[in-house]
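The structure is placed below for reference.

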Amino acid sequence: MPGITREEVAHLARLSRLELKDEELDHFAGQLDVIIGAVARVSDVADEDVPPTSHPLPLTNVMRADEVRPSLTPEQALSGAPAREQQRFKVPQILGED
Amino acid sequence: MTVTDLVSYEDALASFDPVMGLEVHVELGTATKMFCGCSTAPGAEPNAHTCPVCLGMPGSLPVVNATAVESAVRIGLALGCDIASWCRFARKNYFYPDMPKNYQISQYDEPIAFDGHLDVELEDGEVFRVGIERAHMEEDTGKSTHIGGATGRIHGAVHSLLDYNRAGIPLIEIVTKPIEGAGARAPEVARAYVAELRELIRSLGVSEARMEMGQLRCDVNLSLRPHGRETFGTRSETKNVNSLRSVERATRFEIQRHAAVLSSGGTIVQETRHFHEEDGSTTSGRIKEEAEDYRYFPEPDLVPVAPEGAWVEELRAALPELPRLRRQRLKAEWGLSDHEMRSVLNAGAIQPILDTIAAGAPADQARKWWMGELARRANESGTEPAALPITPAQVARITALVADGSLNDKLARQVIEGVLAGEGEPDAVVEQRGLKIVSDEGALGAAVDEAIAANPAIADKVRGGKVAAAGALVGAVMKTTRGQADAGRARELILERLAPQG
């Protein structure tokens, strides 16, 4: 059964740390349900001889040699950070462990 | 937090049967990260080994490290696993700043290696087979520093600082099948398993697997069930138990804690727990139930990994001898007891001894020096014997100097001291410190005459036939030559001069 319930949207919002108001939940649950329904139609088109596909390209084993390449400088790495301290990314208090 | 009452270990085992699951993370020793070309070298300044890929910047794309895949396959093979002919990476989604992408690239239901085993040997020589569920590839997380908390822990911290140098370093996670039937020996089995796995990883050369450096980390899952019951009890997961001793202690503690809760009619909560090195206890971390919703899905940015059969067979054929089999072979070759062999293993001296033998030393001499003087010095400086600034070739040279009579053991120890102090090759140390044994007849003869003259009573005893008393005169000779005399030759000269009857 394709589709998504309001409860599932609320659960995802919580996992993503998004605070949604009741009317937003109604709104997004409806929209997401439509989107998922549209994507699910692919299953109607695919016959039994079409396996579930996670990659559109028939490629495997795309790898690189274990050779060091230049990194960003710490200054460049931190240039987009909203806050920093001791040359590290500074993040707000973390609630809940691990 | 409530104070944990424990029941005694014996009482716990009288009522319950422990079941364990061990998850070990191994940081591979590759030059670069799993999905980008950033260096993995330790000790860099914060965030110096980062790039758009490991910082999770929009538009960046991961590319798999070929050496990491090869290492994963070799680990799988050494654990007797089947190797997947086709498998994918998966995204493990979670909301935590140690991964800037907000997901970790891991493997979910398609691990690269699965269904193997590792035989581990316990203290009394019993071999216990631990089943391996799977070994899969993933990436390490960044390092958090929590600011404002009392002990640097997350508790009470007002904010946290992130260094992403470690984020993206290749990890292999090795998960056992449920370990049943160990009974009271469960803590010992857990420790022996991690120790054996560490040896195996080192023998493959895929990681130095140093636990104190976080290169090998263990999570201990444990549950109890009443004797005779098939179904497992609820488990706790003690995270980041990072020494062999801690693995044993954490397992033991959790057995006692679970038993206390269950015996008093309580229920075990499925949760992660933290191990405390100071007193060997664990405390509650996070309740798992609702947090564990990682929404795994196939990683769209990476194509599948499909190790070719012929390549896998090549890697299998090139595997080194497994550590346990090698130990058995060496034990037989060296003529050691189980106990002696375990001492060599625990001292970390197997490889240095082998290398010293390869450099020309007799096996017993190589073993004697590495297990004696060198083990002592390594212990003093808190390193492994192999890390001492002396090479197996230098040790072999010293044994050769002892064998040809140029040095005795006491002088050899001084040569070792000199080499360790950076005074150069053994021969140079002998030269500079004037350590050559005194065996030329003139100097030695003079020392012998002096010893006899200074100890007339002892000399008379020897003259009277008490050959054993000659030892005291040899001692006097050694003293006047500051230990540099050839003791055997000195004894001969003493006996010649005193011509004892019989």
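A:Val91 has B:Ser160 as its bridge partner in β9(B). I recorded 4 bridges between β3(A) and strand β9 (residues 159–163) of chain B, and the two run antiparallel. I took strands as DSSP runs of E with at least two residues and helices as DSSP runs of H or I with at least four, numbered from the N terminus. Two strands pair if DSSP finds at least two bridges between them.

The model is predicted: local features need pLDDT of at least 70 and side-chain atom pairs count only at pLDDT 80 or more, while totals for chains, interfaces and linings use all residues. Residues are numbered from 1 along each chain as its sequence is written, and chains are lettered from A and ligands numbered from 1 in the order in which they are written.

I then traced the sheet: it is open, has 4 strands in the order β2(A)-β3(A)-β9(B)-β8(B), and its pairing is antiparallel. β2 (84–85) of chain A and β8 (143–147) of chain B stand at the edges; each has a single partner strand, so one side of each lacks a neighbour in the sheet.

Entry 2, the interface. I noted 35 residues from chain A and 42 residues from chain B in the contact, where two residues are in contact if their C-beta atoms, placed from the backbone, lie within 7 Å. On the side of chain A that touches chain B, β1 (63–64), α3 (74–78) and β3 (88–92) of chain A each supply at least two residues. β3(A) gives the most, with 5 residues. By class, this side of chain A has 15 nonpolar, 10 polar and 10 charged residues. Here Ala, Val, Leu, Ile, Met, Phe, Trp, Tyr, Cys and Pro count as nonpolar, Asp, Glu, Lys and Arg as charged, and the others, Gly among them, as polar.

Entry 3, a sheet within chain B. I found an open sheet of 3 strands in the order β5-β4-β15 (chain B), with antiparallel pairing. β5 (103–106) and β15 (297–298) of chain B are the edge strands, each with a single partner strand, so one side of each has no neighbour in the sheet. Strand β4 (residues 90–93) of chain B is joined to β5(B) by 4 bridges. B:Lys92 stands opposite B:Gln104 in β5(B).

I listed domain 1 (9–311), domain 2 (324–433) and domain 3 (441–498), with bounds from an automatic or database domain assignment. The centres of domains 2 and 3 of chain B, taken over C-alpha atoms, are 32 Å apart. In chain B, 4 residues of domain 2 are in contact with 4 residues of domain 3.

The buried residues of α18(B) are B:Arg489, B:Ala490, B:Leu493, B:Ile494 and B:Leu498. I used 20 or more other C-beta atoms within 10 Å of a residue's own for buried, 12 or fewer for exposed, and partly exposed in between, with C-beta atoms placed from the backbone. The buried residues of α18(B) pack against α15 (441–454), α16 and α17 (470–480) of chain B. On the other side of α18(B), B:Gly488 and B:Glu496 are exposed.
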